[in-house]
Amino acid sequence: MIKKRIIPCLDVRDGIVVKGIQFKGLREIGDPVELAKRYNTLGADELVFLDISATDTGNALMLDVIRKTAKELFIPMTIGGGLKSSEDISAVLNAGADKVSLNSAALKNPSLINETSEKFGSQCICIAVDAKWVGAEQDWYCYTHGGKKKTDIKTLDWVKEVESRGAGELLITSMDYDGMQQGFDHVLLSKIKETVNIPVIASGGAGNAQHFADLFLDTDVSAGLAASIFHDEDVSIQEVKNLCQLKGVPMRHV
Amino acid sequence: MIAIVDYGLGNIANLSNALHYLGHDVIVTHDKKELNEADTIILPGVGHFKDAMNRLSELDLLPVLNELKDKKPFIGICLGMQLLFEKSEEGNVDGLSYLPGTVKKITGSLPVPHLGWNQLDAPLPSLQGDVYFIHSYKVHTEENIVATATYEEPVVAIVQKENLIGIQFHPEKSGNLGLQILNQAIKGGFNL
């Protein structure tokens, strides 16, 4: 039986793992290679590195991080953040990434999904979507720039489109639930699972182990992703897996 | 020396990383002489079946592979395993036909691709645990099966016929168990 995946997400800026703390900017928390290895030992099923560097130097440092991590980490690694072209994606994959996650670039140029899924294979193209409920329109819309800019694209239309264009996976972040630590957005995630038949990674809202169990019991998503609760050690991956297993959710044990 | 067949398809950096980590000497090549000199041949592959067959043919690798498959450990991984079989629905083309069986799109109610950690079903104690799969097509065969997984229906996970081995999942991305399986495959395999 296929296992539900637990995925820590690490934000990397200029080659260092940082974590966003609301209103306080960023704080360095460590060497990406060491953190990746630690998460591997702790039972992470996959790792996501989000490159939040704003400069070319920062992006080059990211490639170095990927190369170093890939030499010592033998679980899947997804890279997102700032990938704009087929060339960017190729560089990241050649450095050792297994998948890339595309967000704004895909919204801006949807044919990039066709082009890259044909070139590199659907399995390595994950489309990240920042979704937010717009009360006035009674629907979810896609946002860009870390949730700051609204687009005119409805989330459910977009996920259907990216599936038909060849994406192999979706990473859905609920902007309404992100950072609230009150649990995942089951309504949005269930709607998305009704719309597409590619695997979905849920993100936004995890505050404790029970939230992951609820997510997997309530929806058909394939994976749950979180950042701060794992980095702050509010909850351990093992704790999440033990509770999920106890509730009947199949988990991989290392 | 392990030779990874370089035919321009898929990301072989990580396979190479894993083999280095296990202490093996690795060469990534499509040079016939180098392939002939290697102790073990690994045929990797990510992407489209038809593209893969076209590339192998363009590089004139079919005769040398055909010869080597009878001579030394020969391991196909992911698409590289699928290529070992007779025919694929993906592009509707013939494969290398070293093993009996065909490759078909995964169907059913579960998401495609079959992506994630899935448990191996195998009698061998060394093959107990979860490994990382990511594929949309799967092999249909009745023979040479060493391990399967279940994704609504059975998925052929490892095959072996003498020195010829196929691994559908990514051993280089399957944690410690994956590395062990990769090493076991290189050292002769699973049922000899």
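Visitor: Which residues of helix α1 (residues 32-41) of chain A are buried, and what makes a residue count as buried or exposed?

Guide: The buried ones are Pro32(A), Val33(A), Leu35(A), Ala36(A), Tyr39(A) and Asn40(A). Around the axis they cover an arc of only 165 degrees, which puts them on the same side of α1(A), the arc being that of the directions from the helix axis to the C-beta atoms. A residue is buried if 20 or more other C-beta atoms lie within 10 Å of its own, exposed if 12 or fewer and partly exposed in between, with C-beta atoms placed from the backbone. On the other side of α1(A), Glu34(A) and Thr41(A) are exposed, and the helix is followed by Gly43(A), whose phi is positive, near 105 degrees. This is a predicted model, in which local features need pLDDT of at least 70 and side-chain atom pairs count only at pLDDT 80 or more, while totals for chains, interfaces and linings use all residues. Residues are numbered from 1 along each chain as its sequence is written, and chains are lettered from A and ligands numbered from 1 in the order in which they are written.

Visitor: How do you know how many helices and strands chain A has, and why is the chain called as compact as a globular protein of its length?

Guide: Helices (H or I, at least four residues) and strands (E, at least two) are DSSP runs, numbered from the N terminus, and chain A has 10 helices and 12 strands. Its radius of gyration is 17 Å, close to the 18 Å that the globule rule gives for 254 residues, so chain A is as compact as a globular protein of that length. The radius is taken over C-alpha atoms, and the rule is 2.2 Å times the number of residues to the power 0.38. Along its principal axes the C-alpha trace of chain A spans about 40 × 40 × 40 Å, and buried residues make up 51% of its 254 residues.

Visitor: Why is Ala128(A) called buried, and which residues does it touch?

Guide: Ala128(A) has 22 C-beta neighbours inside 10 Å, which meets the cut-off for a buried residue, and so it counts as buried. Ala128(A) lies in strand β7 of chain A and touches Gly80(A), Ser101(A), Leu102(A), Asn103(A) and Leu171(A), leaving aside residues up to four places away in sequence; two residues are in contact if their C-beta atoms, placed from the backbone, lie within 7 Å.

Visitor: What makes a group of residues a nonpolar core, and how many residues has the largest one?

Guide: Such a core is a set of buried Ala, Val, Leu, Ile, Met, Phe, Trp, Tyr and Cys residues joined through C-beta atoms within 7 Å. The largest has 141 residues, and among those with the most contacts inside it are Leu47(A), Ile172(A) and Ala202(A). Its largest share, six residues, comes from strand β7 (residues 125-134) of chain A.

Visitor: How do you know what span to expect of helix α6 (residues 175-186) of chain B, and where do its buried residues lie?

Guide: The expected span is 1.5 Å times one less than the number of residues; α6(B) has 12 residues and reaches 17 Å from its first C-alpha to its last, close to the expected 16 Å. Gly175(B), Leu177(B), Gly178(B), Ile181(B), Leu182(B) and Ala185(B) are buried in α6(B). Seen down the axis, the buried residues of α6(B) fall within an arc of 140 degrees, so they line one face of the helix. They pack against α1 (13-21), β4 (74-77), β9 (130-135) and β13 (164-167) of chain B.

Visitor: Why is Glu152(B) called partly exposed, and why is Cys78(B) placed in another class?

Guide: Glu152(B) has 13 other C-beta atoms within 10 Å, a count that falls between the two cut-offs, and is therefore partly exposed. Cys78(B), with 27 C-beta neighbours inside 10 Å, counts as buried. Most residues other than glycine have a negative phi, yet phi is positive in Glu152(B), about 65 degrees, and in Cys78(B), near 60 degrees. Glu152(B) is found in the loop between β11 and β12 (153-161) of chain B, and Cys78(B) in the loop between β4 and α5 (79-82) of chain B.

Visitor: What kind of peptide bond joins Val112(B) and Pro113(B)?

Guide: The bond is cis, with omega about 5 degrees, and Pro113(B) has its place in the loop between β7 (102-105) and β8 of chain B.
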